[in-house]
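Have the structure open while you read, and follow the residues as they come up.

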Amino acid sequence: MVHGGCSAVPIEPCVHALLNSSVKDRNVVTNQRDTRLQQRQHASKNEQELDGKFLHFVRFDEFRDGQNLVTEDVTVVEGDVATISCRVKNSDDSVIQLLNPNRQTIYFRDFRPLKDSRFQLVNFSNSELRVSLTNVSISDEGRYFCQLYTDPPQEIYTTITVLVPPRNLVIDIQKEIAVEGEEIELNCTAMASRPATTIRWFKGNKELTGKSEVEQWSDMYTVTSQLLLKVGREDDGVPVICLVDHPAVKDLQTQRYLEVMYKPQVRVSQNYPVQGLTREGEPLELTCAAFGKPQPTDMRWLRVDDEMPQHVVVSGSNLLISNLNKTDNGTYRCEASNAVGKSHADYMLFVYDTTATTEPAVHGFTQLPNSAEELDYGDLSDSRAGEEGSIRSVDHAVVGGVVAVVVFAMLCLLIILGRYFARHKGTYFTHEAKGADDAADADTAIINAEGGQNNSEEKKEYFI
């Protein structure tokens with residue numbers, strides 16, 4: 001290869017001579033440029049005012065637009081390869097060189113004076129100088145200058161921006177095992193990134209809102225996001241995900257699975273009779289199922305507001321009445337407990353006559369929480385259905401009782417009214433006939449009557 005007319009052997013003296021010659025040429029060009037600039041500035045002082053404005057001189061290399069040189073800024077992830085391109089729009093075989101942020105020459109034409117071997121020539125021609133920089137680090141960030149030795153010389157810069165992805169992404173949880181209803185604190189930390197990361201929280205597929213703090217150390221950023229989460233039994237086993245948004249990395253995330261302890265959920269099912277009425281003389285078998293975390297260890301049957309009948313057999317989670325009778329009517333409760341607390345479910349029993357044929361839609365299951373905090377809406381729907389079924393199973397008795405009360409009340413009302421009218425029935429007397437009893441005949445009675453016809457307006461009437 002020949003460099004400016006020098007043979008390739010020996011190359012170092014030739015290169016130094018070429019560089020010295022180029023530097024001298026550059027100094028000459030620079031001196032000529034400065035002379036012209038001084039002349040122009042001196043001439044501009046003598047310019048006359050035109051349209052109320054003064055013409056003034058601006059150096060050509062202050063413009064980034066409209067030059068013959070073209071380049072672009074480069075954004076690269078730490079450790080990757082950055083490519084710098086210096087292109088000439090209209091080539092006139094002028095010399096192109098690339099300088100680092102310290103104004104040291106990286107490439108002069110196709111020759112690399114800089115000893116940093118990470119810089120490699122990708123392409124060189126009269127219209128382009130393209131150089132790659134491998135294993136980019138933060139120290140490589142800054143402005144790189146493309147120079148074109150024309151008259152006057154042209155210069156343009158490109159900026160290399162280095163992105164650093166988070167080195168560690170960690171979730172710290174306040175409590176490894178939580179109890180339902182508690183509020184726990186989770187912290188996600190993304191360390192040593194550039195620029196600062198954005199942290200997002202998810203519980204399953206639902207996005208949550210956290211509170212982030214940013215700390216800067218030199219040129220690096222550490223971001224910590226705090227999430228306060230009130231957990232319930234439905235959160236047990238659900239992943240909490242910390243996701244990072246950063247231009248240097250995609251799909252960077254970490255997760256922790258929640259472990260939540262909760263009180264038992266208790267359900268009572270009727271094994272026999274499977275459907276239909278609980279009739280007198282027939283058997284009844286109930287089964288109690290309880291689920292919780294930890295699994296319930298204590299389960300028992302009892303009768304609400306009364307003692308358990310002696311003929312009732314309880315075996316573990318099962319309750320058996322082999323021969324139902326009316327005295328068995330009532331509410332039977334299954335209670336289960338674990339380390340978190342206690343819950344129960346109720347079964348309302350109504351024993352029908354052996355001749356009863358009307359079948360209720362649902363038998364009487366109820367499941368009631370021990371407190372408002374234990375209220376579970378799914379269980380509440382079952383409880384309401386059970387209560388409705390128990391009411392339907394006895395509604396004929398209630399209706400009959402109401403009708404009997406109404407008939408009895410109507411009969412009582414009729415008797416009271418009859419006695420009232422009987423007591424107020426009597427003979428009607430007036431003072432008009434006073435003295436007529438002693439008269440011998442009717443004419444005399446009329447004459448002897450008090451007041452006669454003349455005092456008829458003063459006559460008064462009384463009830464006796």
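C334 is buried in this predicted model, and its relative accessible area is 0%. Its partner is C288, joined to C334 by a disulfide with an S to S distance of 1.9 Å. C288 counts as buried too, at 4% relative accessibility. The torsion about the S-S bond of this pair is about -85°, so the disulfide is left-handed. This pair links distant parts of the chain, with C288 in strand β20 (residues 284–293) and C334 in strand β24 (residues 330–337), 46 residues apart.

How many disulfides does a search of the whole structure find? There are three. As a reminder, a disulfide is a covalent bond between the sulfur atoms of two cysteines. Here they are side by side:

| Pair | S to S distance | Torsion about S-S |
|---|---|---|
| C86 and C146 | 1.8 Å | -65° |
| C188 and C242 | 1.8 Å | -80° |
| C288 and C334 | 1.9 Å | about -85° |

Take the link of C86 and C146, which is left-handed. C86 lies in strand β3 (residues 82–88) and C146 in strand β8 (residues 142–148), so the pair ties together parts that are 60 residues apart in sequence. Both of these cysteines are buried.

The link of C188 and C242 is left-handed as well. It connects distant parts of the chain, from C188 in strand β12 (residues 183–193) to C242 in strand β17 (residues 239–246), 54 residues apart. C188 and C242 are both buried.

Another cysteine worth a look is C412. Is C412 buried or partly exposed? With a relative accessibility of 29%, C412 counts as partly exposed, because buried means under 20%.

Now turn to N100, in the loop between β4 (96–99) and β5 (105–108). Although N100 sits in a loop, N100 is buried, at a relative accessible area of 8%. A polar atom of the N100 side chain lies 2.7 Å from the backbone nitrogen of Q104. Leaving aside residues up to four places away in sequence, N100 touches I106, L114, R143, Y144 and F145.

Finally, the chain as a whole. Its secondary structure comes to three helices and 28 strands. Of its 464 residues, 33% are buried. Among contacts with a separation of 6 or more, 61% are between residues 24 or more positions apart. The accessible surface comes to about 28900 Å², and carbon and sulfur atoms hold 52% of that.

Conventions: Residues numbered from 1 in each chain as written. Predicted model: local features only at pLDDT ≥ 70, side-chain atom pairs only at ≥ 80, totals over all residues. Heavy atoms only, no water. Helix = DSSP H or I, 4+ residues; strand = E, 2+ residues; numbered from the N terminus. Buried < 20%, exposed > 50% of the residue type's maximum accessible area, 1.4 Å probe, protein only. Polar contact = N/O pair within 3.5 Å; in protein donor to acceptor, adjacent residues only side chain to side chain. Contact = heavy atoms within 4.5 Å. Areas by Shrake-Rupley, 256 points an atom, 1.4 Å probe, with all protein chains shown as cover. Disulfide = S-S within 2.5 Å.
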